Amino acid sequence: MSDADRAYALDRKHVFHSWSAQELIDPIVITKADGPYLWDRYGNKLLDFTSQLVYTNLGHQHPRIVAAIARQAATLCTIAPAHVNGARSEAARLIAERTPGDLDHIFFTNGGADANEHAVRMARLHTGRHKVLSAYRSYHGGTQLAVNLTGDPRRWPNDNGSQGTVHFFGPFLYRSPFSATTEAEECERALGHLEQVIALEGPATIAAVLLESIPGTAGILVPPPGYLRGVRALCDQHGIVFIADEVMAGFGRAGKWFAVEHGGVVPDLLTFAKGVNSGYVPLGGVAINDAIYSTFARTPYPGGLTYSGHPLACAAAVATIETMEDDHIVERAAHLGDTVFGPRLRALADRHAWIGDVRGTGVFWALDLVHDRRTREPLAATGPELTALHAACLRHGLLPFTTANRLHLVPPLTIAAAEAHHGLDLLDQALSDVLDQPTAKA
């Protein structure tokens, strides 16, 4: 039995997979990875258009990150978070220098879900209020509070700890809940709706509004101009903490260091994970403004994690951020969005009837796949069309990110323009294969 076959057999016998019916899955065995490429157990080379769960922003096996982890491991593998370690201090400095405004204090976590949990805890303690508002089309993590703050249907089976969580509709022009026909209308009506929810819930009961700066898993929903400014104004009016969830959209993914910069606002708390160190070692955190920091300056913050600011994770973060600066990765991501992904995906939409909408920025794009462009009826998430499209992509050598009725285009930010074009060519071929089948005509 080969090593890959043994890994598969042991996985199926012992590993319990997340978000899955255990006996109905057939996971791909990955034997190695390099840059934007992966290899499966059969030796097939796949161009990774997923960045895994949208976190390998600098690609796989980046030599600077690998070397930084090795150097740190040779010096100090781990230390309790009460002690100072150089990797954590330097990572905090580098992050604070790039966050907007006065978000200069960094609390490290193990990932994005616990970052959001701690941000909400900070907001509640700071304000003395309990309720937190979040959007229906959102994902904030799988831990108990974070999954209840999540708006998408994955929260339903776990929706038994939702005290104090309130959901509202965010802007989404393509499937507008407000019957809007323009971005300006969608922005105005979405803000009017949020204002009404705040009024009806009682502003004095609301600790925070938690928003993904660009909702990612929910469909890469770039907010219309003015929306984030409007949310900021509502929060200021009522003394509500504005938490920006940058777990997926941050660290260059959206063509800015943080996606909230597209809206020109500064949140009170900013959560991050994933791209902060390309996911090489689990790491997340909360960037905290001066006002909330002051709440805990002489009163202990009641929370912490055993591995907070783990030296190996922080060393990877330092190497990631320094590489992003040296190689102009953020500017590169913006350029790829403007010159490759935007134009090519809109051209694909002209060619393929299943593509109802194209949206995104930087290296953060989604195709909304529909049966009928006029009615915008979505393809079924587990239907034969998306199953066939996923298989066709793999057959052509492309690892796709499919979720609900969408295809997300989220390769590493380091992908070369030629490789990005090649991946979109493979997607074009896969769409043609499936759409050319007589039973699959849109």
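Analyst: Gladly! This is a predicted model, where local features need pLDDT of at least 70, side-chain atom pairs count only at pLDDT 80 or more, and totals for chains, interfaces and linings use all residues. Residues are numbered from 1 along each chain as its sequence is written, and side-chain values use heavy atoms, leaving out hydrogens and water.

User: Over which ring does the charged end of Arg98 sit?

Analyst: A charge sits over a ring if NZ of Lys or CZ of Arg is within 6 Å of the ring centre and within 35 degrees of the ring normal. The charged end of Arg98 is 5.2 Å from the centre of the ring it sits over, that of Trp257.

User: Which residues are linked with Trp257 into a cluster by ring pairs?

Analyst: Rings of Phe, Tyr and Trp (its six-membered ring) pair if their centres lie within 6.5 Å; planes under 30 degrees apart count as stacked, over 60 as edge-to-face and the rest as tilted. Ring pairs join Trp257 in a cluster with Phe108, Phe251, Phe258 and Phe272.

User: Is Phe258 buried or exposed?

Analyst: Buried means under 20% relative accessible area, exposed over 50%, partly exposed in between (1.4 Å probe, protein chains only). Phe258 has a relative accessible area of 0%, so Phe258 is buried.

User: What kind of pair do Phe251 and Phe258 form?

Analyst: Phe251 is buried too, at 1% relative accessible area. The ring centres of Phe251 and Phe258 are 5.0 Å apart and their planes lie at 70°, so the pair is edge-to-face.
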